[in-house]
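Hello,

Here is the model I promised to pass along. Please have a look at it first, and then read my notes below.

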Amino acid sequence: MKIDWASLGSVFGVSLVITVALVALFTLGIMGLSRRERAAAQGDSATLAVTGAYACFAACAAAVAYGISLIVV
C-alpha cells in the first residue's frame, strides 16, 4: 500500500480551513444574537444584527448539509 502524502496533506489543509471558517461563522452568529440581547436591554432595535446572525447560522447549516451530501453521495 502506498500513501499519497501530498493528497493527504491537501485534505488536511482544506478541512482545517473549512473548520475554522465554520467556527468563525458560528461565532459571528452568536455575537449577533448577543447584540440583540444588549439592544433589548437598552430598549433599542437590532434587526440588522439579528438578520446577520440568522444568515450566519443558515450558512453554517448549508455548509454542514453540503458536507453530509458529499459523504453520502
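**Helix H1**

Helix H1 covers residues 5-42, and at 1.5 Å a residue its 38 residues should span 56 Å; the C-alpha atoms at its ends are 55 Å apart, which agrees. Helices here are DSSP runs of H or I with at least four residues, strands are runs of E with at least two, and both are numbered from the N terminus. The expected span is 1.5 Å times one less than the number of residues in the helix.

Before going further, a word on the source: this is a predicted model, in which local features need pLDDT of at least 70 and side-chain atom pairs count only at pLDDT 80 or more, while totals for chains, interfaces and linings use all residues. Residues are numbered from 1 along each chain as its sequence is written, and side-chain values use heavy atoms, with hydrogens and water left out.

Within H1, Gly29, Gly32 and Ala39 are buried. For burial I used relative accessible area: under 20% is buried, over 50% is exposed, and anything in between is partly exposed (1.4 Å probe, protein chains only). The buried residues of H1 pack against helix H2, residues 47-72, where contact means heavy atoms within 4.5 Å. Alanine 6 also lies in H1, and at 61% relative accessibility it counts as exposed. From alanine 6 to serine 34 there are 28 residues in sequence and 42 Å in space, C-alpha to C-alpha. Just after H1, glycine 43 adopts a positive phi of about 85°.

**Helix H2**

**Aromatic rings**

How many aromatic pairs are there? The count comes to one, with rings of Phe, Tyr and Trp (its six-membered ring) pairing if their centres lie within 6.5 Å; planes under 30 degrees apart are stacked, over 60 edge-to-face, and the rest tilted. Phenylalanine 26 and phenylalanine 57 have ring centres 5.3 Å apart and planes at 55°, so the pair is tilted. This pair links distant parts of the chain, with phenylalanine 26 in H1 and phenylalanine 57 in H2, 31 residues apart. Phenylalanine 26 is partly exposed at 44% relative accessible area, and phenylalanine 57 is partly exposed at 21%.

**Cysteines**

The whole structure holds zero disulfides, taking a disulfide as a pair of cysteine sulfur atoms within 2.5 Å. Cysteine 56 is buried at 12% relative accessibility, and cysteine 60 is buried at 9%.

**The chain as a whole**

The secondary structure comes to two helices and zero strands. The radius of gyration is 18 Å, well over the 11 Å that the globule rule gives for 73 residues, so the chain is more spread out than a compact globule. That radius is taken over C-alpha atoms, and the rule is 2.2 Å times the number of residues to the power 0.38. Along the principal axes, the C-alpha atoms fill a box of roughly 65 × 20 × 10 Å. Buried residues make up 11% of the 73 residues.

Best wishes
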